[in-house]
Amino acid sequence: PRVKREEEGRGGAYNGGLKVVKVCGICEEEDAVKACREGANMIGVIFAESKRKCSRENAKKVVQSVRKFGERSDREDLRNGITRGIKRPLVVGVFQNSPVSYINEIVQDVGIDVVQLHGDEGEGCIPEISVPCIRVVSVPEEDERSVEERGGEILEKVTERPLAYLLDTKVGGREGGTGVTFDHDIVQVVQSGGGPVIVA
């Protein structure tokens, strides 16, 4: 599986330098445990259409193995957010343009801790989802506007506060997963007015 290192809060109002490591595309128990042993804070299980899409049965096994590793029997309580760090690994379900009813069905059946919304779902659906959400925001690679304008545009779209924003670079028609970076000064703007930020 591909390892993605995501850094939350580069300074600003939220624990500068706090690092969150997420390994995405996990479908096997063994891979989940290995990632946890190597220090992963988040284990990503993909439910969106992808070559790394995980079956429901395999996802359940991943959740059980991560819970066992973290010595817990239920979902992690994230009411205080993630800005103080993640003490035990979490399982993140990645969805793209799925109905809320389907997302909640998977959450309930599989037992994931966090939902990552990676599509065009409006933020208005966040309160309807039964676990905390990470909202992916695509940041264009090339944009002549100032950092303040670009960060402000992201914040203008905020209607509900997610657990965190995951900012990823949009290159052409590809929204994320490109390996291309954007101007990370945008993070400071979004953190100051929005909430915790994870940089992909």
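These legends describe views of a predicted protein model.

Figure 1. Along the sequence the order is β-β-α-β-α-β-α-β-β-α-β-β-α-β. Residues are numbered from 1 along each chain as its sequence is written. In this predicted model, local features need pLDDT of at least 70, side-chain atom pairs count only at pLDDT 80 or more, and totals for chains, interfaces and linings use all residues, while side-chain values use heavy atoms, with hydrogens and water left out.

**Figure 2. Burial in the protein.** Of the 200 residues, 50% are buried, meaning under 20% relative accessible area with a 1.4 Å probe, protein chains only.

**Figure 3. Helices α4 and α5 where they cross.** Helix α4 covers residues 147-156 and helix α5 residues 185-193. Their axes, lines fitted to C-alpha atoms over the stretch in contact, come within 8 Å and cross at roughly 45°. The crossing is right-handed, with the near helix turned clockwise from the far one by less than a right angle.

**Figure 4. Residues between α4 and α5.** Contact means heavy atoms within 4.5 Å. From α4, V147, E148, R150, G151, G152, I154 and L155 meet D185, I186, V189, V190 and G193 of α5. By class, this contact has six nonpolar, three polar and three charged residues; Val, Leu and Ile are among the nonpolar ones, Asp, Glu and Arg among the charged, and Gly counts as polar.

Notes:
Helix = DSSP H or I, 4+ residues; strand = E, 2+ residues; numbered from the N terminus. Axes fitted to C-alpha atoms, helices over the stretch in contact; angles between N-to-C directions.
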